[in-house]
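Hello,

Here is the structure we talked about handing over. Please look it over; my notes on its salt bridges follow.

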Amino acid sequence: GQYEQAIACVERALVYYRVIGDENGVARALHTGAFASWVGGDLGAANRYLAECLPRARAVGDPEAIAATLLNLGATAFYGGDTERARRLLDDALERYQMISFDEGVAWVRNMLGLVELRAGRDESARAHLVSSLGVHRRLGDRWRTASVLEALAEALRRTGSSRMAAVLLGAAGAVRAAIGAPVPAVERTDWERTYGALQAELGEDDLLAAITEGHDRELDGILASDPKIGRSFTTTSAQP
């Protein structure tokens, strides 16, 4: 969560890459700057990086960098409120990641598409995207992204009548964050607070804290397997992106 420090490192790297004429390095540093910016909540800075990043990624012909830039453009569009543009960009990124069999990218896009579906009120579709994303991120060992997907999945479950399980997932995500020392990303904080507030109203403070504690203390595999809205789909999607 040290976004300013991350951006400072990116800016130093950009200077070096430009001096030595490493176009691929410039493109990847711009992508990293964009990512650090939107995750940190600075969408304007993210779009400035991306405006230069996409043509450079295309010029060097790096398919992973092109897909990653489209993913970041989709994320900034989503958090900027333009969900239709976000969906188009994310669909494009998903197709490109699938073409090069880059599972981490596929999982990231499905995470973002799940958020798009949540915002549109398509809760079951959101859950399917998020469960798929969760399975791949866990298989790859990405605990940081696992926590964020769990928090988004909690909101999807809350909306479909599973408030207690949603609170358990918030607790499980909190346990992951405590283990790796990573806060909720700044750009996701408002959604996290909205989910927490809704669960507080639905469950009451005591039951909410009890469910969060349960999620914090239990093994994640057991939590996921115990819920009928997750368990079966999780076991059939976690192995494939």
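**Salt bridges across the helices**

Asp103 is partly exposed, at 22% relative accessible area. Keep in mind that this is a predicted model. A search of the whole structure gives 20 salt bridges. Three of them are described here.

Start with Asp103 and Arg139. Their side chains form a salt bridge, 3.2 Å from N to O. Asp103 belongs to helix α6 (residues 103–119), Arg139 to helix α7 (residues 123–140). The two are 36 residues apart, so this pair links distant parts of the chain. Arg139 is partly exposed as well, with a relative accessible area of 40%.

Next, Arg159 and Asp123. The closest N and O atoms of this salt bridge are 3.4 Å apart. Arg159 sits in helix α8 (residues 143–159) and Asp123 in helix α7, so the bridge ties together parts 36 residues apart in sequence. Arg159 is partly exposed at 35%. Asp123 has a relative accessible area of 16%; buried means under 20%, so Asp123 counts as buried.

Then Arg145 and Glu188. Their closest N and O atoms lie 3.1 Å apart in a salt bridge. Arg145 is in helix α8, while Glu188 is in the loop between α9 (163–180) and α10 (189–203). This pair spans 43 residues. Both ends are buried: Arg145 at 2% relative accessible area, Glu188 at 11%.

Best wishes

Technical notes
Residues numbered from 1 in each chain as written. Predicted model: local features only at pLDDT ≥ 70, side-chain atom pairs only at ≥ 80, totals over all residues. Heavy atoms only, no water. Salt bridge = Lys/Arg side-chain N within 4 Å of Asp/Glu carboxyl O. Helix = DSSP H or I, 4+ residues; strand = E, 2+ residues; numbered from the N terminus. Buried < 20%, exposed > 50% of the residue type's maximum accessible area, 1.4 Å probe, protein only.
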